[in-house]
Structure formats: C-alpha cells, structure tokens
Amino acid sequence: MTVRWRVAARVAPAAAVTVFMVGGLVVPLGLVLVELTAEPDRFGAVVRDSLSAAGRSVLLAVVVAAIALPPAVVVARSLSRARPAVRVVGILLSLLPLLLNLLVVILAWLVVLEREGLVAVAWSALALPGDPPGILYTRSAAVLAMVYVVMPVMALILLDSFHRIDPRMREAARMLGARPLTSLVRVELGFVAPALVTAFVMGYVICLNLYLVPEFLTGPDLTTLGLLVQQDVIETFDLRQASSRALMLFVMAALPVCGALAVDRGVRQR
C-alpha cells in the first residue's frame, strides 16, 4: 500500500498538469480549429487583412521587452544582494503592478501623462524651459505603461538566478581587477543567460495580451491583433474571424516560447 501511495504521489502532479493543459489549451484550440474548418478560404483572407496588426503587435512586444530587460536586470541583481528584509519589500513592490487591475494601471498613467498631470507639475516645479512633452496618445505612452507592467515580472524571473550566483565568483572577479560593470557583463550575465532568455520571452508574451494599453493611451494608430479579436467577439460577434486571428495570436506567442525552450535545452546539454 505504501508503494502505491508513493507512485500515486508522483503521478498525481503530472496528471493534474495534463488535465489542466487539455482543459485550458487543447479544448479551446480545438474549438478554434472547428470554426476555421467551416470556411477554410476565409481563413487566408482574414490572415492577409490582419498582417499589419500582427506586425504592430510583434514589434511593440519586442520593443517593450527589450526596454524592460535592462532595468529588470538591475532590480533583480540589487535585490539578490540586499538584506532579506529589503529583498522581501522589493519583491512586494514588484508584485504591485500585477495585483492592480489593468484598467487601474491605465487610468494612473492617464493621470500622470495628461496635459496637466504629474509630468506637467514636475516640469513646472523644476522650472524647466518650454512646455512639458506631450507623451499622452503617442506610442511612447503605451510603451511606458507596458514596461511598467512587464518589468517586475521579468525582474522576479531573474531574481532567483542572480541569487544563486556564488559570491566567490564576484570576489574572484574583483580580485582579478574587474570593474563592477565588467563583472556584471562577463561573469553574472553569462551565468543567468537562460533566465535572460526566459524573462525576455515572458515579457514578449505578456505584451501580446496588453491590447487595452495602446487602445487607451495611444489610440487607433496602434491597433493590435488582440484588440481586433476582442472587437470580433464583442462588437461584431464574428466568431470565425475571431478564431482566425486568435490562432495567429497563439502562433505569435508559441513560436518564441518553443525557441526559448530549445535554447535552454541546448545550453543544459553542454
């Protein structure tokens, strides 16, 4: 009986994950494919019409993830070397954007970036020349808000890898005359390279789903594929067109994830 319970304890987590994946991924994808097979010719037309929005979505996600990665590295490295109490506070602060509703985050950035918002107040308080920059309803506003959302996630992914670095490695680099920046680039970043890839891909995937941010902070000039899917479902109730675009969105998210897994596997086998 004890052996059976041990086997069950080992099999249960894998079975739970399998059921979750089947229920949360395979079934919805199956329903999408059923919708597509009803009118296969229309799928190609929808894909062609959606290529521009898909390109904007990919470019925006890549830019945001690339901008968020350096500050995420700095935050993760600083927290890994901080005292435990400071580290806990830093982790809680990093979780704050994730705990807030996305609409609350968008509203906060609207208040910060509006013509008489906090940016304008700070500009006047510092007595800077000229008018404050008009960032709201530009692409920069969407990029700033999305970086604010994804950067803490990327930092938390990197934190564990930085925390595992042996302090003797840093000490050895210092004794060999390496400056802090050189030690970071040549020693620490090499150690956390798989986590860097994971953090970048995770930031990219999250950005693909933040379609409300450019909609409110930029406008129709930055319409993303996720927003088109929402409009197909809520406004026109065109499920077949929404299914076509949803499949495109899934492929856009799945390909980098598969690439990151392949890179990680190759690194581990060396």
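Me: Is Phe237 buried or exposed?

Reply: In this predicted model, Phe237 is exposed, since its relative accessible area is 58% and the cut-off for that class is over 50%. The residue sits in the loop that joins α11 to α12.

Me: What is to be noted about the phi of Phe237?

Reply: As a general idea, residues other than glycine mostly have a negative phi. Phe237 is not a glycine, yet it has a positive phi of about 55 degrees.

Me: Which loop holds Tyr137, and what phi does Tyr137 have?

Reply: Tyr137 lies in the loop between α5 (118-125) and α6. Its phi is positive, about 65 degrees, although Tyr137 is not a glycine. Tyr137 is also exposed, with a relative accessible area of 53%.

Me: How many helices and strands does the protein have?

Reply: There are twelve helices and zero strands. Read from the N terminus, the order of elements is accordingly α-α-α-α-α-α-α-α-α-α-α-α. Of the 270 residues in the protein, 34% are buried.

Me: Where in α6 does a kink lie?

Reply: The kink is at Val150 and amounts to about 30 degrees.

Me: Which residues have the most contacts inside the largest nonpolar core?

Reply: They are Val64, Leu158, Phe162, Val213 and Leu217, in a core of 55 residues. At least two residues of this core come from each of α2, α4 (102-113), α6, α9, α10 (212-217), α11 (225-234) and α12 (239-269). The greatest contribution is that of α6, with 14 residues.

Me: How many cavities of 30 Å³ or more are there, and what space lies in the largest cavity?

Reply: A cavity is read as space where a probe fits but cannot get out. Two cavities of 30 Å³ or more are counted here, and the largest cavity holds about 50 Å³ of space.

Me: Which residues line the largest cavity?

Reply: The lining consists of Ser57, Leu60, Ala61, Met146, Cys207, Leu208, Leu210, Tyr211, Pro214 and Thr224. By class, eight of these residues are nonpolar, two are polar and none is charged. Both α2 (40-81) and α9 (193-208) supply at least two residues of the lining. The most comes from α2, with three residues.

Me: What separates the C-alpha atoms of Glu114 and Leu136?

Reply: Glu114 and Leu136 are 22 residues apart along the chain, and their C-alpha atoms are separated by 6.0 Å. Glu114 belongs to the loop between α4 and α5. With a relative accessible area of 38%, Glu114 is partly exposed.

Me: How many residues apart along the chain are Ser161 and Pro194?

Reply: They are 33 residues apart along the chain, with 9.0 Å between their C-alpha atoms. Ser161 is part of helix α6. Its relative accessibility is 18%, and the cut-off for a buried residue is under 20%, so Ser161 counts as buried.

Methods:
Residues are numbered from 1 along each chain as its sequence is written. This is a predicted model: local features need pLDDT of at least 70, side-chain atom pairs count only at pLDDT 80 or more; totals for chains, interfaces and linings use all residues. Side-chain values use heavy atoms; hydrogens and water are left out. On a 1 Å grid over the protein atoms alone, a cavity is a set of points where a 1.4 Å probe fits but cannot get out, and a pocket is an open set with protein on both sides within 12 Å along at least five of seven lines; lining residues have an atom within 4 Å of a point. Grid points are joined across faces, edges and corners, and a volume is the space filled by probe spheres set on the points. Helices (H or I, at least four residues) and strands (E, at least two) are DSSP runs, numbered from the N terminus. Ala, Val, Leu, Ile, Met, Phe, Trp, Tyr, Cys and Pro count as nonpolar, Asp, Glu, Lys and Arg as charged, and the others, Gly among them, as polar. The bend at a residue is the angle between axes fitted to the seven residues ending there and the seven starting there. A nonpolar core is a set of buried Ala, Val, Leu, Ile, Met, Phe, Trp, Tyr and Cys residues joined through side-chain atoms within 4.5 Å. Buried means under 20% relative accessible area, exposed over 50%, partly exposed in between (1.4 Å probe, protein chains only).
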